[in-house]
Amino acid sequence: MSVLVGKNTRLVVQGITGKSGSFHAKSCMDYGTNLVAGVTPARGGELFEGKVPVFDTLLEARKETGANASMVFVPPAFAADSILEAVDAGVELIVCITEGIPVQDMMRVKIALKDSKSLLIGPNCPGIINPEGRCKIGIMPGYIHQPGKVGIVSRSGTLTYEAVWQVTNRGLGQSTCIGIGGDPIHGLTQRQAVELFNNDPDTEAIVMIGEIGGSEEEEAAAYIKQHVKKPVAAFIAGQTAPPGRRMGHAGAIVSGGKGTAAAKIDALREAGIAVAKTLAEIGDTLVEAIRQKK
Amino acid sequence: MNIHEYQAKELLEKFSVATPPGKVAFTPDEAEQVARSMGNNLVVKAQIHAGGRGKGSFTNGVKGGVQLAKTASQVKSIAAQMLGNTLVTHQTGADGKVVKKVLIAESVNIDREIYFAIVMDRAMNAPVIIASRQGGMDIESVAAKSPEAIYKEVVNPALGLQPYQARKLSKLLGFAPADMKDASKLFHAVYKLFMANDCSLVEINPLVVTKDGKVFALDAKLNFDDNALFRHPEILAMRDLDEEDPREVAASNFGLNYIGLDGDIGCMVNGAGLAMATMDIIHFYGGEPANFLDVGGGANEQQVTEAFKILTSDKRIKAILVNIFGGIMKCDIIAQGIINAVRATSLPVPLVVRLEGTNVEKGRKLLQESNLPIIAANALADAAEKVVKAAKEQK
């Protein structure tokens with residue numbers, strides 16, 4: 001078992017005929033993900049890779065194929081509309097990879113997500129992967145992962161791969177890795193991801209990778225302090241980032257003295273979480289956190 | 001994206017938010033002309049993006065980027081002192097900013113100053129109005145000293161700003177019952193501006209009430225959501241490249257994400273989070289990063305070459321660290337890009353390269369066989385230590 005995705009996941013890719021959409025849809029399929037459909041308006045009736053049916057609308061795709069998860073690869077100006085389409089069709093899990101969606105569009109998406117049965121991961125994220133169930137919905141390189149008991153959640157892409165790689169190289173594998181994305185307004189939060197891992201019997205330890213901006217790491221720390229008995233290791237990027245500047249990710253900004261790395265690290269340590277001093281030590285910090293809990 | 005005060009003023013007027021009469025001028029003669037068409041109590045304001053202009057001083061010795069004037073000829077001589085000269089404020093850094101335009105406005109008889117702002121709040125997923133009777137000063141110091149003097153009103157984005165919320169705010173901000181209607185209208189106008197232009201911040205500080213009961217937005221700071229600029233060409237047209245770091249402009253032209261910092265170790269990384277973490281580890285080992293540079297997840301050879309050009313043209317840089325985690329982007333392709341870039345730019349400083357991920361062995365082999373003076377590092381900590389050491393030896 002793992003969280004959110006696995007053998008029962010039936011994936012539809014929105015924007016499957018685009019350049020990156022088709023590339024990554026194929027890479028997910030090659031990894032083992034059960035890709036059942038694609039959606040591109042006005043391209044209905046085509047077959048992707050000679051076997052996966054393409055539909056004009058998501059509603060048709062869901063009705064015809066029973067898709068229960070979607071991956072959004074639609075350009076930023078239209079991505080919010082695609083997420084709304086997936087919410088309307090009742091897709092349980094929506095993973096939005098697209099970077100650069102206007103904040104106001106995401107604000108409206110959040111309104112639609114309330115009282116819906118859909119869960120959103122992202123946008124501006126690498127996606128989610130479950131190595132044991134061979135299910136990958138995202139752009140991460142599959143081979144760096146291996147089945148195991150560590151749940152990893154992160155706001156970043158390559159920084160997550162770095163953490164995954166360190167965990168893999170220390171002989172520990174991952175139960176599920178979730179990239180929640182670098183945008184200020186997004187779906188699944190750090191706290192929600194930690195909660196999923198905490199309730200998952202197959203996850204025995206948790207790694208949380210955060211960065212400057214917002215207060216999600218602090219909220220996750222408060223939850224961990226109260227509810228989590230499993231070992232948790234964390235890392236926060238951006239200790240040397242100048243205030244007031246957006247560091248690549250739209251959400252990575254220290255504004256009005258809030259969202260600093262120092263404040264987040266303090267909150268994490270205060271909650272008893274092992275915080276890696278540098279990104280080179282994420283793997284070792286996790287190993288030590290597991291050893292201490294035994 | 002930021003805009004100038006005079007541009008913010010135009011936008012506010014467009015949305016029926018009153019500002020004192022005024023106009024921008026690019027030369028002292030133009031400033032004089034503008035002043036002739038206005039009254040006798042004028043203010044000349046240097047137009048740069050940084051705050052703290054009033055307390056700033058010019059490198060030519062002139063004090064104050066905001067000065068009062070009585071006559072058109074006075075306006076002309078003040079404008080002549082400002083235009084073409086460098087203004088240093090607490091926000092510009094020691095280098096300051098060259099003033100290329102001034103705003104000439106009528107100064108108003110202020111009775112009281114209010115703070116009124118709308119920000120997009122990430123935790124609430126909604127616009128939040130922040131207001132205080134203590135306007136005209138830094139809101140963060142008001143928040144620190146008297147947090148009870150700051151009012152926050154969350155706007156439900158599905159409903160928009162409601163009349164009762166505007167009434168509540170006008171009462172809290174001390175408007176007389178007879179003026180509540182006008183104040184409410186003003187708040188609605190600012191909200192409309194905020195939403196219609198995909199702003200991330202509209203900060204009117206101060207919003208002034210004059211002795212004769214008029215309300216003006218005396219100074220305003222507007223920030224826009226960069227992701228939404230594609231649907232606001234008129235806002236994008238207000239971008240002033242003179243106000244931006246030329247290295248950042250060059251980088252953005254090639255789809256690279258660059259931010260200049262104060263250190264002497266250049267770095268080039270794929271991915272924003274990894275780039276930040278790389279800066280941090282350089283600092284941890286006793287060095288200081290000269291920049292943040294994210295070449296993105298799918299960088300091609302040309303982008304790597306351009307990134308190198310930006311780094312190698314920076315005279316302060318004493319050593320360069322390239323840290324790449326090759327995922328979809330394979331290490332051998334990255335290595336080839338680095339080799340070509342080094343050959344194309346010639347390398348003035350030591351270069352440390354750390355590759356990890358897909359095809360890493362092939363990548364390392366390519367670097368080794370290139371016979372270029374590249375310092376290879378396998379582990380991250382090793383790479384950081386090596387680059388810090390190399391930078392120190394250059395001094």
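A salt bridge is taken here as a side-chain nitrogen of Lys or Arg lying within 4 Å of a carboxyl oxygen of Asp or Glu. In the predicted model, A:D105 and B:R231 form such a pair, with 2.8 Å between their closest N and O atoms. Three salt bridges are found across the interface of chain B and chain A, together with 14 residue pairs in polar contact, both residues being at pLDDT 80 or more.

On the side of chain B that touches chain A, two or more residues each are contributed by the helices α6 (180-196), α9 (272-284) and α13 (380-394) and by the strands β8 (110-121), β9 (126-132), β14 (257-260), β17 (319-326) and β18 (351-357) of chain B. The largest share, eleven residues, is supplied by α9(B). Classified by residue type, this side of chain B comprises 25 nonpolar, twelve polar and ten charged residues. In total, 47 residues of chain B contact 53 residues of chain A. The two chains bury about 3,800 Å² between them, and 65% of this area is on carbon and sulfur atoms.

Strands β5 (residues 69-72) and β6 (residues 93-96) of chain A run parallel and are joined by four bridges. In this pairing, A:V72 is positioned opposite A:C96 of β6(A).

Definitions and conventions. Residues are numbered from 1 along each chain as its sequence is written. Chains are lettered from A and ligands numbered from 1 in the order in which they are written. This is a predicted model: local features need pLDDT of at least 70, side-chain atom pairs count only at pLDDT 80 or more; totals for chains, interfaces and linings use all residues. Side-chain values use heavy atoms; hydrogens and water are left out. Contact means heavy atoms within 4.5 Å. Buried area is the accessible area (1.4 Å probe) that two parts lose on being put together, summed over both. A polar contact is a pair of N or O atoms within 3.5 Å; within protein, one must be able to donate a hydrogen and the other to accept it, and residues adjacent in sequence count only if both atoms are side-chain atoms. Ala, Val, Leu, Ile, Met, Phe, Trp, Tyr, Cys and Pro count as nonpolar, Asp, Glu, Lys and Arg as charged, and the others, Gly among them, as polar. Two strands pair if DSSP finds at least two bridges between them.
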